[in-house]
Amino acid sequence: MTDVDRSSAQEYSLDRDCTTLSRHVLQELQSFSAEAQDLSAVMNRIALAAKLISRRLSRAGLVEGALGFTGTVNVQGESVKRMDIYANDVFISVFKQSGLVCRLASEEMEKPYYIPENCPIGRYTLLYDPIDGSSNVDINLNVGSIFSIRRQEGDDLDGNARDLLQHGRNQIAAGYILYGPSTMLVYSMGKGVHSFTLDPSLGEFILNNENIRVPDHGPIYSVNEGNFWQWEESIRDYIRYVHRHEGYTARYSGALVGDFHRILMQGGVFLYPGTVKKPEGKLRLLYETAPLAFLMEQAGGRASTGTQDLLDVVPEALHARTPLVIGSKEDVALVESFIQEGARESQETAMTRS
Ligand code: FDP
């Protein structure tokens with residue numbers, strides 16, 4: 001390496017070290033209107049929530065009352081973990097008196113949390129899943145938080161937040177935090193997908209990957225095969241197909257954010273299909289599937305319910321669920337082709353019976 005090469009490499013790495021999340025967001029916002037500039041403060045608050053949750057998770061085994069269940073069930077009928085409540089409250093407290101966000105809607109709360117003192121200026125709503133994959137918390141495996149920012153429309157006087165029942169293309173920004181060996185924040189404001197790693201010594205999220213592109217095809221399929229006999233035959237046929245063909249490998253961590261991150265970086269497909277008894281599946285549209293679909297499309301991939309583009313789905317309720325097929329374009333299309341074939345066959349059978 002010549003001296004010139006060495007010095008330009010040093011400059012490059014210094015520049016990379018200096019691209020903090022807040023600097024990056026400000027650059028992204030240059031092409032946004034003046035009234036959107038407060039999004040940078042919103043992102044800074046999300047980053048603060050991420051640091052607080054990350055700090056708690058990194059010491060969870062040592063802190064009394066950090067692990068285990070609270071003994072209550074949430075609006076979804078699921079047992080609530082202490083970490084779910086902690087993380088949910090962290091998001092609320094970082095946005096209180098911020099003047100930024102009028103409402104917070106979370107997977108853990110039946111109704112949105114209103115912050116009336118913010119409403120005159122803060123017309124955004126933050127939707128979030130505070131701890132995604134919480135079954136991993138007690139065994140020290142990766143978990144995540146997912147967020148989405150939408151603009152509030154109307155005054156929501158009856159407190160039902162009906163304006164949130166819109167398709168996913170109306171998201172202003174979306175992202176997630178992955179609490180793994182390192183803590184990463186990945187976001188998009190509709191101009192590509194960018195990832196940042198938390199440098200604990202600086203307390204800053206530093207850019208490590210800009211304009212992430214998902215490959216058009218990847219070897220990974222990520223699904224809970226324990227549900228095999230609960231699925232429709234078409235999903236079983238897809239799984240039989242990957243079992244019989246070379247070049248596929250299975251990965252499933254039980255935490256959507258981690259599994260999604262792997263697909264985003266390496267390609268392939270993540271599936272959480274519906275079952276015969278629960279065709280809508282498990283994952284929540286506003287807090288999980290729509291934000292991740294927004295990111296995946298921004299990275300050049302696709303997200304589908306199996307029969308419809310996920311970003312076109314309009315939820316009927318705040319906690320509505322959708323099946324999810326997400327990842328590389330070609331792999332999502334392959335799963336969809338099995339689902340279409342299954343639908344065609346059942347139609348034919350119905351017609352021959354009648
Ligand atoms: P969890 O219930 O542990 O919070 O969001 C729901 C979710 O985790 C996803 O993170 C994960 O991909 C999925 O459920 C795991 O569900 P299964 O155990 O049914 O596979």
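A polar side-chain atom of D132 lies 3.0 Å from an oxygen atom of the ligand. This is a predicted model, so local features need pLDDT of at least 70 and side-chain atom pairs pLDDT 80 or more, while totals for chains, interfaces and linings use all residues. Residues are numbered from 1 along each chain as its sequence is written, and side-chain values use heavy atoms, without hydrogens or water.

A backbone N or O atom of G133 is placed 3.0 Å from an oxygen atom of the ligand. In the side chain of E288, an N or O atom comes to 2.4 Å from a ligand oxygen. Taken alone, the ligand exposes 470 Å², and the protein buries 83% of that. Accessible areas come from the Shrake-Rupley method with a 1.4 Å probe; for residues, only the protein chains shown count as cover. A polar contact is a pair of N or O atoms within 3.5 Å; within protein, one must be able to donate a hydrogen and the other to accept it, and residues adjacent in sequence count only if both atoms are side-chain atoms.

T289 sits in helix 7 (residues 285-298). Helices (H or I, at least four residues) and strands (E, at least two) are DSSP runs, numbered from the N terminus. T289 is buried because its relative accessible area is 0%; buried means under 20%, exposed over 50%, and partly exposed in between (1.4 Å probe, protein chains only). Leaving aside neighbours within four places in sequence, T289 contacts L283, R284, L310, T322 and L324. Contact means heavy atoms within 4.5 Å.

D259 belongs to helix 6 (residues 256-266). With 2% relative accessibility, D259 also counts as buried. Residues up to four places away in sequence aside, D259 touches S222, R251, Y252, S253, G254 and F270. N160 is 99 residues from D259 in sequence, and their C-alpha atoms are 33 Å apart.

Helix 3 has 20 residues, which should span 28 Å at 1.5 Å a residue; its end C-alpha atoms are 28 Å apart, in agreement. The expected span is 1.5 Å times one less than the number of residues. Among its buried residues are L39, V42, M43, I46 and L57.

Helix 4 (residues 82-95) has 14 residues and reaches 21 Å from first to last C-alpha, close to the 20 Å expected. Its buried residues include M83, D84, F91, I92 and F95. The cover over the buried residues of helix 4 includes helix 3 (39-58), strand 2 (79-81) and strand 5 (124-132). Just after helix 4, Q97 takes a positive phi of about 50°.

Most residues other than glycine have a negative phi. N140 has a positive phi near 60°. N140 lies in the loop between strand 5 and strand 6, and is exposed at 70% relative accessibility. D156, not a glycine, has a positive phi of about 50°. D156 lies in the loop between strand 6 and strand 7 (173-179). At 13% relative accessibility, D156 counts as buried.
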